[in-house]
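Subject: A structure for you to look at

Hello,

I am handing over the structure we talked about, and below it you will find my notes. Please open it next to this message and read along.

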Amino acid sequence: MDVVERAVQVLRRDGIIVYPTETVYGLGADASNQAAVGRIYQAKGRPSGHPVIVHLASAESLPQWAARIPDYAYLLAEEYWPGPLTLVLHRAAGVGDHVTGGLPAVGLRCPSHPVAQALLRQFGAGVAAPSANRFGRVSPTSVGHVLEELRDRLVPGLDVVLDGGSCEVGLESTIVDCTGAAPRVLRPGAVTAAQVEATAARAGSVRSGDGEPAAEPPRVPGSLASHYAPRARVYLAEPGQAADLAADLVRSYDRQAGQAGQAQRAQGETVGLIAPVGMATPVGVRRLGAPVDTQAYARMLYAALRRADEEALEVVVAVLPADEGIGHAVRDRLRRAASEDRAASEPH
Ligand code: TXA
Ligand code: MG
């Protein structure tokens, strides 16, 4: 039996599975099985009552999950599914509170990763799948990341892990609220707001922002400021300032700690740097990534933040990419990672 077949059996036997998508790794359970979905929450350490995204093999099963689907939502699905786009739609009758967190809307996505596609097609029903990280941590973009956090939460012999390599996009899907007269981006991702608007315009939908607001604006716990924060403190910098800022930080740590600082440096650096390829790394700074372009930046960002924590760095200086294309989503996640407002935000 191949691994995908095994995973399908696991889903049918109330188990949970780890599987790759093109955005980040998901932790999946049969979306119609309340107990199995409950196990996902347990494994993540996530409080119940939060909505989860349901993965579908294709847009064909949309009517089983959603009601009053606007034309623009069909067009978005046609254009971007399978792919890194989640549609929040009025839920169909029978869609349980255990996936919507009691909200009147449900989040639906059709992932394009071939392993996810094979799994969803063979399973033939919806799979509830939040990102496969512990509550409050950055999303995993490789199987190694998932196992670091969830190894002891999976039941040997029951649950299964599918390795699909590193995720191609590296950031969570764009979430679009499709419950109002016009689409509204709730979480930026690889599919940009401009792309969403262009597609919606073909449906004759009014421009987003001009439409009537949704009956009840959806709660998006993932949009909380602190949601993607590593332990290390993150400073954001424009390209021209990053190297100097990192070097200054190294000097100030050395001064602060005196001899102790030098000793610490001998074992490992305290300051990390994520900056585009071609930018030099100052002495004493640990280079965490040198992306060749913005897409590569998105792909490596979460791994770099994890490495900062593994190496117990105190601070990470990250260069802000240009605010275009997926750069907008990278900036969004960087701002969250840099947020000081951790205590004030609601848990996820
Ligand atoms: O790329 C992704 O979307 C990944 C992969 C695994 O599919 N999934 C993911 O799931 O990021 P999660 O649970 O970590 O984040 C899902 C976000 C949450 O912020 C949640 O609040 C929002 O989607 N969401 C889900 N259903 C919703 C709903 N009915 N209304 C509003 N927001 C919803
Ligand atoms: Mg998540």
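Let me begin with one residue: at 17% relative accessibility, Arg287 counts as buried (buried means under 20% relative accessible area, exposed over 50% and partly exposed in between, with a 1.4 Å probe and protein chains only). This is a predicted model, in which local features need pLDDT of at least 70 and side-chain atom pairs count only at pLDDT 80 or more, while totals for chains, interfaces and linings use all residues. Residues are numbered from 1 along each chain as its sequence is written, chains are lettered from A and ligands numbered from 1 in the order in which they are written, and side-chain values use heavy atoms, with hydrogens and water left out.

**Around Arg287**

Arg287 sits in strand β12, residues 285-289 (helices, H or I with at least four residues, and strands, E with at least two, are DSSP runs numbered from the N terminus). Its side chain makes polar contacts (pairs of N or O atoms within 3.5 Å; within protein, one must be able to donate a hydrogen and the other to accept it, and residues adjacent in sequence count only if both atoms are side-chain atoms). One polar atom of the Arg287 side chain lies 3.0 Å from the backbone oxygen of Ala275. For the backbone oxygen of Gly289, the distance to a polar atom of that side chain is 2.9 Å. Leaving aside residues up to four places away in sequence, Arg287 touches Leu273, Ala275, Pro276, Val277, Met279, Ala280 and Thr281 (contact means heavy atoms within 4.5 Å).

The average pLDDT of the chain is 89, and 88% of the residues score at least 70 (pLDDT is the predictor's confidence in each residue, from 0 to 100). Over residues 207-214 the pLDDT stays under 50, and the model has 13 contacts for them beyond four places in sequence. Residues 343-348 are also below 50, with 15 contacts beyond near neighbours in sequence.

**The sheet**

Nine strands make up an open sheet with mixed pairing, in the order β7-β1-β2-β6-β3-β5-β4-β8-β9 (two strands pair if DSSP finds at least two bridges between them). β7 and β9 (184-187) are at the edges with a single partner strand each, so one side of each has no neighbour in the sheet. Helix α6 (residues 114-123) packs on the sheet, where it touches β1 (17-19), β2 (26-30), β3 (53-55) and β6, and its direction makes about 140 degrees with that of β1 (axes are lines fitted to C-alpha atoms, for helices over the stretch in contact, and angles run from 0 to 180 degrees between N-to-C directions).

Strand β4 deserves a look of its own. Six of the six residues of β4 are buried, so this strand is largely enclosed by the rest of the structure. With β5 (residues 105-109), β4 (residues 85-90) pairs in the antiparallel sense over five bridges; Thr86 has Arg109 of β5 as its bridge partner, and Leu89 stands opposite Val106 in β5. With β8 (residues 174-177), β4 runs parallel, joined by four bridges, and here Val88 stands opposite Asp177.

**Salt bridges**

How many salt bridges are there? The count comes to 15 (a salt bridge is a side-chain nitrogen of Lys or Arg within 4 Å of a carboxyl oxygen of Asp or Glu). One of them joins Arg39 and Asp159, whose closest N and O atoms are 2.7 Å apart. That pair links distant parts of the chain, 120 residues apart: Arg39 is in helix α2 (residues 34-44) and Asp159 in the loop between α7 (143-150) and β7 (160-161). Arg39 is buried at 18% relative accessibility, and Asp159 is buried at 8%.

Arg91 and Asp97 meet in another salt bridge, 2.9 Å from N to O. Here Arg91 is partly exposed at 24%, and Asp97 is partly exposed at 47%.

Glu149 and Arg137 form a salt bridge too, with the closest N and O atoms 3.6 Å apart. Glu149 is buried at 5%, whereas Arg137 is partly exposed at 22%. Through shared partners, salt bridges join Arg137, Glu148, Glu149, Arg306 and Asp309 into one network.

Enjoy looking around!

Best wishes
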